[in-house]
Amino acid sequence: MLGSTDHTIGTLLAKQVRSARRRATALTLLRSVLDDSVGLAFLELIDCLDYRPATDNGHVDEGTAGTANRPRGSVVSAIYARLFGLLATEAAPAVDAADAWQSHLLWRVLDDQNAFSSQAERLGVATLPPSLLDQARRDLRGLQWLYALGADALRGATVQLVGAELSDALAAWQCLAPPAEGDNPRLRMARRLSTALDWGTLAEDLADHWHTHGLGLFALHWAARWSSRDGGRLEPLTHPDPIRLSDLVAYDTERAPLLRNTERFLTGYPAHHVLIYGERGTGKSSTVKALLQAYGDRGLRLVEIGKDDLDDLARVLALLRDHPQRFILFVDDLSFEEQETQYKALKAALEGRVEAWPTNVVLYVTTNRRHLVKERFSDREPPEEGEIRPRDTMEEKQSLSDRFGLHVTFPSPDQQRYVTIAHSLARAHGINLPEDELRRRAIQWTLWHNGRSCRSARQFIDDLIGDNS
């Protein structure tokens, strides 16, 4: 028969488990930090390790009374195994010497959206209510007790409780993921927590971190897309296009106004919404996506929204408005047929709603059609039956393009520019064909395929790579 908790797993270890359990139940603002599958399994395990049944008068028996009802060793080992499996599945990057549970908790503290972190992100530490900060300090100290109950302590307590016959089945979870790499604000904050003697003293620093660098999706990911599924939500793009500005050749002059506008936007000056017009395959979309790699570490984020979802534009802007990051709202390959009406929602959002456009959002649109909305010659002809003021119709269609402060044009490359692009891509990929032969084959490719464009040049080089592999 198992004895009391203190007797079964050792007095000091039992007190550590008991203190951690009590502090977990006392969490207030940061309770949701533990409200995930790993956190709930951890709580279930320490509940079992600290199981003390009540006597008939309702008091907890600190001795051996009722120990026959204590969870069996096989139950405890099963909970431990489930927690191990969850930690292994999640595989949170290890923070220096922290084990798998401790690393998981560090990232949860940094990334969880709760009453403290959300207000800190929005208000900043200087304007947070003192009572909120005081409770946050208490909660952080409580979470640090759970952090201190690391892999060695929990496995030791479980092994002592379940007995030698099951101990060989309980693996340690110190190293379940590779170490976190790089040097970014989120990792630096995690490392400060991991070495701090008192997490409560870091409440203000955490608040300042969230206010400066953001929280949740856009602290973890540089790009997202709007999805209208399940009522509409922002979904992270875990593998955004890695293209860089240095990968784009021969359009530096056309690209320069867009880069200047983006720089102004990032420094807090007024910036224009941008309409990027040009023939297909000239690098319009690639240029916008490359901005993410150039400026993501300065707080730039990219949010993609499709034409069919433009009716949700007001909701998207509301979600982005209070974040500290700066957002490019990206609509790719946009144009409207005459019967499509989503352009009216876009036009109203740009200039026309009572609510102002957020200062931390700009709209970048690529298109193959200069005026976005399809026009007909009949729009310019004298009125026919049913159309009293055709000029009004024409001006309404053109007015959407007028609401973009900056128009950037990407023309189709002439032959020399196209060959220059092909040569540059060939050198970048280690293709060493003689210059004349490369030129001849690049021009020949345009005759057999899709004409001259940046896309054609890249497809030509991809074909050469395949031939030489």
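Predicted model: local features only at pLDDT ≥ 70, side-chain atom pairs only at ≥ 80, totals over all residues.

Visitor: What makes helix H3 roughly antiparallel to helix H4?

Guide: The axes of H3 (residues 37–49) and H4 (residues 73–90) cross at roughly 155 degrees and come within 9 Å. Angles over 145 degrees count as roughly antiparallel, so H3 is roughly antiparallel to H4. As for handedness, H3 passes H4 in a left-handed crossing.

Visitor: Which residues in H3 and H4 meet?

Guide: From H3, Ser37, Val38, Ala41, Phe42, Glu44, Leu45, Cys48 and Leu49 take part, and they meet Val76, Ile79, Tyr80, Arg82, Leu83, Leu86, Leu87 and Glu90 in H4. Sorted by class, the contact has 12 nonpolar, one polar and three charged residues.

Visitor: Cysteine 48 is in that list. How do you know whether cysteine 48 is buried or exposed?

Guide: Its relative accessible area is 11%. Buried means under 20%, so cysteine 48 is buried.

Visitor: And what does cysteine 454 count as?

Guide: Cysteine 454 has 15% relative accessibility. That value is set against the cut-off of 20%, and therefore cysteine 454 counts as buried.

Visitor: How many disulfides does the count come to?

Guide: The count comes to zero. The rule asks for a pair of cysteine sulfur atoms within 2.5 Å.

Visitor: Let us turn to another pair. Why is H10 called roughly antiparallel to H11?

Guide: H10 (residues 185–195) and H11 (residues 203–213) have axes that cross at roughly 170 degrees and come within 11 Å. The cut-off is again over 145 degrees, so H10 is roughly antiparallel to H11. On the H10 side, Pro185, Arg186, Met189, Arg192 and Leu193 meet Asp205, Leu206, His209 and His213 in H11. By class, that contact has four nonpolar, two polar and three charged residues.

Visitor: Why is H13 called oblique to H14?

Guide: Helix H13 (residues 252–266) and helix H14 (residues 284–295) cross at roughly 45 degrees, with their axes coming within 12 Å. Roughly parallel needs under 35 degrees and roughly perpendicular needs 65 to 115, so H13 is oblique to H14. This crossing of H13 and H14 is right-handed. H13 makes the contact through Arg255, Leu258, Leu259, Thr262, Glu263 and Leu266, and H14 through Thr287, Leu291 and Tyr295. The residues of that contact divide into five nonpolar, two polar and two charged.

Methods:
Residues numbered from 1 in each chain as written. Heavy atoms only, no water. Axes fitted to C-alpha atoms, helices over the stretch in contact; angles between N-to-C directions. Helix = DSSP H or I, 4+ residues; strand = E, 2+ residues; numbered from the N terminus. Left-handed = near helix turned anticlockwise from the far one by under 90°. Contact = heavy atoms within 4.5 Å. Nonpolar A, V, L, I, M, F, W, Y, C, P; charged D, E, K, R; others polar. Buried < 20%, exposed > 50% of the residue type's maximum accessible area, 1.4 Å probe, protein only.
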